[in-house]
Amino acid sequence: SYTTDTKSREENKKTIENLYSLSVDIKKIRRLKEWVLLQDVAYVKEIAGILKEMGADKTAVANILERCPEAILHSPAEINSQRALWQLVCQNEKQLIKLIEQFPESFFTTKYHQNQKANIMFFQELGLKNNIITRFLTSAPSIFYNPVEKNKNMIETLQRNYLNLGGSEANMKIWILKLLSQNPFILLNTSTAIQENLEFLQKNDFTDHEVLQLLSKLKGFIFQLSSITMQKSMLFSKNIFKCSDQELKQLVLKCPALLYYSVPVLEERLEGLLKEGISIAQIRETPMVLELTTQIVQYRIKKLSALGYDIKSGSLESLNGTKKDFEVTYGKIQSKKERPIFNPVAPIHIED
């Protein structure tokens, strides 16, 4: 293990020379992580050798060491262990080196090696595909730092709640795997947070079936919220849309963003829509429009206006959806506009 407190304030000349011979931008390291250059022991040549062995060319090696210079402070034994570990879920070394190039920090965090190994095995047993596990290793590495027991407990809590809410034993595995692949950070929560949030929804008259629906729609992000923020967001929506508790519940089921986004976010998005001349009644009819940022809404309105589509009198449905959904809608409106109007039953006037 290495330390960030530097014993001597002098750079390790040997480290500098070795990095220089690999065409690494030393100025960049000095600017971002100078402490690495001050350590007494570094394994520059050895780590570069392992990376080359895996198929990295000279440029890739330099890039990796510039982005994650602390890599050189790990012993070759540690890196080879990490390499063997990641190979459990990578198709081949070509894929592995590509991942290291993109996410060097994730690969060179060797401190939790035993936890990482136990968690990889656990996820495989659970039925997660290797390509999903590699995605976790790179984009959500912190879930592997947990002791495997903590992750197991979280999964058990989710399974128990799924069954308690009326989910079927037959669908449970698919539900858990889908939830995990959509939001691995769910594992960083506590069982208490899960319990509190579910109780909050039940107290607000959501049926067990509706709670399950919300969990799936919100991809488990609901567990990262607090009952206080959810309460504030619901109260804000109730006041804005002037609706009863039952109507509010239906709006939330239609658009879980009303529960998920904080009041300042909802306020800003609402303001953006009103500035465009859109009415509260239109938003209430199509609340999903609040899932979009103000910038996206402005861009889409501009594009539709250029086609002569008046959003103030039309439906907001045409604004909704992902970028792909919007492009399909836009294409349909465009082709409708370009198509000549032809009435097949109109009489044909022929001059004598």
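Start with helix H19, where Thr-294, Val-297, Arg-300, Ile-301 and Leu-304 are buried, meaning that each has under 20% relative accessible area, while exposed is over 50% and partly exposed lies in between (1.4 Å probe, protein chains only). Look down the axis of H19 and these buried residues fall within an arc of 130 degrees, so they line one face of the helix; the arc is taken from the directions from the helix axis to the C-beta atoms. Turn to the other side of H19 and you find Gln-295, Lys-302 and Ala-306 exposed.

A word on what you're looking at: this is a predicted model, in which local features need pLDDT of at least 70 and side-chain atom pairs count only at pLDDT 80 or more, while totals for chains, interfaces and linings use all residues. Residues are numbered from 1 along each chain as its sequence is written, and side-chain values use heavy atoms, with hydrogens and water left out. Helices (H or I, at least four residues) and strands (E, at least two) are DSSP runs, numbered from the N terminus.

Back to H19, which covers residues 294-306. Its 13 residues should span 18 Å at 1.5 Å a residue, and its end C-alpha atoms are 18 Å apart, which agrees; the expected span is 1.5 Å times one less than the number of residues. Just after H19 comes Gly-308, with a positive phi of about 85 degrees.

Now step back to the loop between helix H18 (280-285) and H19, the place of Thr-286. Thr-286 counts as buried because its relative accessibility is 3%. Leaving aside residues up to four places away in sequence, Thr-286 touches Leu-316, Glu-317 and Asn-320, where contact means heavy atoms within 4.5 Å.

On the H14 side the contact is made by Lys-232, Ser-233, Phe-236, Ser-237 and Ile-240, and on the H17 side by Val-263, Leu-266, Glu-267 and Leu-270.
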